[in-house]
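Please look over the sequence and the model shown here before reading the short report that follows.

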Amino acid sequence: MNQNGFSIPSQSTAPPYQNFYPQNMMSNNNNNNNNNMQQDASYAENILTLNVGKFANFYMSFSDSLEWRDRIFSGIIQAAGRDYVIIREQNSNTRVLLWTVYLNYVEFNEQINVKEM
């Protein structure tokens, strides 16, 4: 028992380390790498990259901000990466870097390009 009267187990009760990655993602053979590339087609980064040059509305939420709680950014996609997208706002011609951690969804007013699985 500790000083507060609680019993502390002498051994950890946490489950042993488990690998949460599917087996095919951990293998380095070419067949599995091709499968991983096909699975990656659904990531937002890849969809945004396939649609560079298109106009889109980005719905963002900034939960810690009272002034910018929810905001819509509209512009033409210039580039996209793993955790960001760069757009050019049409009215001001300003480039804006948006962190996708704050992204709720993206709305396009035209057909979008997606990678076939």
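Is Val 101 buried or exposed? Val 101 counts as exposed, because its relative accessibility is 68%, where exposed means over 50% relative accessible area, buried under 20%, and partly exposed in between, with a 1.4 Å probe and protein chains only.

## Basis of the model

This is a predicted model, in which local features need pLDDT of at least 70 and side-chain atom pairs count only at pLDDT 80 or more, while totals for chains, interfaces and linings use all residues. Residues are numbered from 1 along each chain as its sequence is written, and side-chain values use heavy atoms, with hydrogens and water left out.

## The loop with Val 101

Val 101 sits in the loop between S4 and S5, where strands are DSSP runs (E, at least two residues) and helices are runs of H or I of at least four, numbered from the N terminus.

## The nonpolar core

The largest nonpolar core has 14 residues, of which Phe 58, Phe 73, Val 85 and Leu 98 touch the most other members; such a core is a set of buried Ala, Val, Leu, Ile, Met, Phe, Trp, Tyr and Cys residues joined through side-chain atoms within 4.5 Å. At least two residues of this core come from each of S1, S2 (70–80), S3 (84–88), S4 (95–99) and S5 (103–108).

## Asn 51

Asn 51, in the loop between helix H3 (44–50) and strand S1 (55–61), is buried, because its relative accessible area is 0%. Leaving out residues up to four places away in sequence, Asn 51 touches Ile 77, Phe 108, Ile 112 and Asn 113, contact meaning heavy atoms within 4.5 Å.
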